[in-house]
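This report looks at contacts between protein and DNA, and then at salt bridges. Please keep the structure in view while reading.

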Protein chains: 2
Amino acid sequence: MGIKELARHLNISIGTVSRALNGHPEVNAETRKRVLEAAAELGYAPDQAGRSLRQGTLNVVALLLSTDLTSKTDTMFFMELSRGIQDQFAEHGLDLVIHLNKPDLDMLDRVKRIVERRQADALILAETRDNDPRLDYLAGRGFPFATMGRSWSGGTHPWMDLDFDFAMRAAIDRLAGFGHRRVALVTGDPGYRLDSMLQDAFRRELAGHGLVVDEALMIKTDTHEEGGYKAMTDFLAMPEPPTAVIFPHYRAVVGAYSYLSESGRQPGRDVAILSCSADTAIAQFMAPPLTCFRLDLYGLGRRLAQALLASMPRFAESYGNALIQEIWPWELVGRDSDGFHVN
Amino acid sequence: MGIKELARHLNISIGTVSRALNGHPEVNAETRKRVLEAAAELGYAPDQAGRSLRQGTLNVVALLLSTDLTSKTDTMFFMELSRGIQDQFAEHGLDLVIHLNKPDLDMLDRVKRIVERRQADALILAETRDNDPRLDYLAGRGFPFATMGRSWSGGTHPWMDLDFDFAMRAAIDRLAGFGHRRVALVTGDPGYRLDSMLQDAFRRELAGHGLVVDEALMIKTDTHEEGGYKAMTDFLAMPEPPTAVIFPHYRAVVGAYSYLSESGRQPGRDVAILSCSADTAIAQFMAPPLTCFRLDLYGLGRRLAQALLASMPRFAESYGNALIQEIWPWELVGRDSDGFHVN
DNA sequence: CTCTATTCCGTAAACGTTTACGACGATACC
DNA sequence: GGTATCGTCGTAAACGTTTACGGAATAGAG
């Protein structure tokens, strides 16, 4: 089942077999056909270890996901993203493998392991933290990588990100149009670049609309159901509660809906709920359907993969040797969770 | 950065360095300390390709997920499962990598690629299909693998599964106790072993409770939101609708809730909804909170990994050389989605 | 017919490890 | 003091590929 066996079976040298399989031009068409047929028949496929040892490449790209992310945020987001990434890589014969990891400290070790042991040719980080040491490490080693979401410094590595300024403006435009003046925001740990940007954009757009920025209306909490539940509880216990709440993280909305329902209130009637998250399948099936943002997650994944490929020497020329950093637009899709006029 | 460089830097032979790093006993304690320190300082880690070429092992286990699964079923389920699997493997220095794949036909090719190119030491399949060719292939090659969910033939490979008979009995006990006599079931494609078993158990338990089995009340559809929405629509359009519906797949419940809400009905008052899915975070935050089954997904993942390890020659002895196939219990946690008495 | 160019293929080195084997010195034993 | 044992280490082969190099055969040009 090795290449030697295959060569012996064909009475050809292993060099020729290798060349035939890898599509080198200096091999007779007839010979190539024989080799390919025999390989298919005997079920031969080149051993990954041998090949990668020889040519220093693995044909594997790793996507790093923290279990923090998968337990506290929308897993569907990453699934769709991964699907796009994978399809793009597949066109170049690259496999995507997903590494789950405990959050925080271990992440750097895992990255180091992947790089030093050459477990992948390139890396994708699903999120970036404040002063993320992984970025410095990777850049220092010259290891190809890309991130979902820009980093704090912007950086010289490829990334894809979303236009949060636009989203926040559209959201507050809409809410202000309904007459809301006390608008709240529920984000996660501002140590994540994403949440930090959301908060900044929120403050800016609020001010831009002449609305007062009340820090008490900006709650930082866990971005899953329970966080949303508690945030809504806190809001409604205030002497002067907000009339509209923006939940960038979709899963927190579920908790918020839950508390509203429990307390006899109704989203879209008693409190306006609006989410800046991607419009995954579940949003339109909530009761009432959730106002959020439409986004081509699959395409985003593909593009992120392209950005990474453009930074890998092997593939750079196919992608114009450019550093690709893009901010993606999305489109507000208004539904019933916030559609009411405050009086 | 290779082992040669490290050895030269220490004035030791590469053989000794390798032995020191791998914890072989025939190396001086002082020498080992020097080697380990130098390795840490210079950031040396053995190249995976070289090592795996030499010793034929990769220290990688692959988990195969189909995008069909991730787009139509509960992704949280697999995330929690993966976390358990990964933690268990980590104790043996094995990495878990997740391979996303298009469903159906390509899956066999992907499996073949993984095996033939030696991209992993073992494999975990997240689901099994009717007459699944992957199982025969893997068994034929003697490649270590395990499955989540038993296969049709039971098989001689390790697996973990859930006690659907128990779940169905508990569910129908409860519903019958509330006085329900027309109970419906919404499953996915019975080509999946899981859905097939659910249907069988449903028929059996219904009969066991003296209730009539009406095939019209057994809908097979997509197991995501839209499928649930449509199923509920169909049910309520019947001349004699069911008074209770069992949704083994959690995401379908969201769709069902949605239609009920739209049509002015309420789960737990007009129709009883009960899910056989695992009790992920979202269930208790639905409105009304969903009756479903409590399950230790993380522990299940760990145990599945143990079962696989027990079938791998390298680790078998640590796990008693046994074939591990287990059916896991779960516990019904009653909430408000089905808590009413039919009159 | 000779010389050169071309086409195709075989040979062998190299990638970075691990490990079987043997060697060396030191210690222990009679 | 000779011999066996032990602890420690160096040497070199092997894993399965890819590829630079060179050689043989054929074709083409003069």
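Which polar backbone atom lies 3.2 Å from a base nitrogen of DNA strand C? That atom belongs to Gly50(B). A polar contact here is a pair of N or O atoms within 3.5 Å; within protein, one must be able to donate a hydrogen and the other to accept it, and residues adjacent in sequence count only if both atoms are side-chain atoms.

The model is predicted, so local features need pLDDT of at least 70 and side-chain atom pairs count only at pLDDT 80 or more, while totals for chains, interfaces and linings use all residues. Residues are numbered from 1 along each chain as its sequence is written, chains are lettered from A and ligands numbered from 1 in the order in which they are written, and side-chain values use heavy atoms, with hydrogens and water left out.

**Around the DNA**

| Protein atom | Atom of DNA strand C | Distance |
|---|---|---|
| Arg54(A), polar backbone atom | base oxygen | 3.2 Å |
| Gly50(B), polar backbone atom | base nitrogen | 3.2 Å |
| Arg51(B), polar side-chain atom | phosphate oxygen | 2.8 Å |

There are 28 residues around DNA strand C, and Ser13(A), Thr31(A), Ile3(B), Ser18(B) and Arg54(B) come nearest. A residue counts as near if one of its heavy atoms lies within 4 Å of the strand. Of the atoms of DNA strand C that come within 4 Å of the protein, 60% belong to sugar and phosphate. The largest share of this surface, 5 residues, is supplied by α4(B). Helices (H or I, at least four residues) and strands (E, at least two) are DSSP runs, numbered from the N terminus.

**Salt bridges**

Over all chains there are 48 salt bridges. Each is a side-chain nitrogen of Lys or Arg within 4 Å of a carboxyl oxygen of Asp or Glu.

In one of them, Arg174(A) meets Asp338(A) at 2.7 Å, N to O. Arg174(A) lies in helix α9 and Asp338(A) in the segment after β12, so the pair ties together parts that are 164 residues apart in sequence. Arg174(A) is partly exposed at 21% relative accessibility, whereas Asp338(A) is buried at 0%. Buried means under 20% relative accessible area, exposed over 50%, and partly exposed in between (1.4 Å probe, protein chains only).

In chain B, the closest N and O atoms of Glu225(B) and Arg251(B) are 2.8 Å apart. Helix α11 holds Glu225(B) and helix α12 holds Arg251(B), so this pair ties together parts 26 residues apart in sequence.
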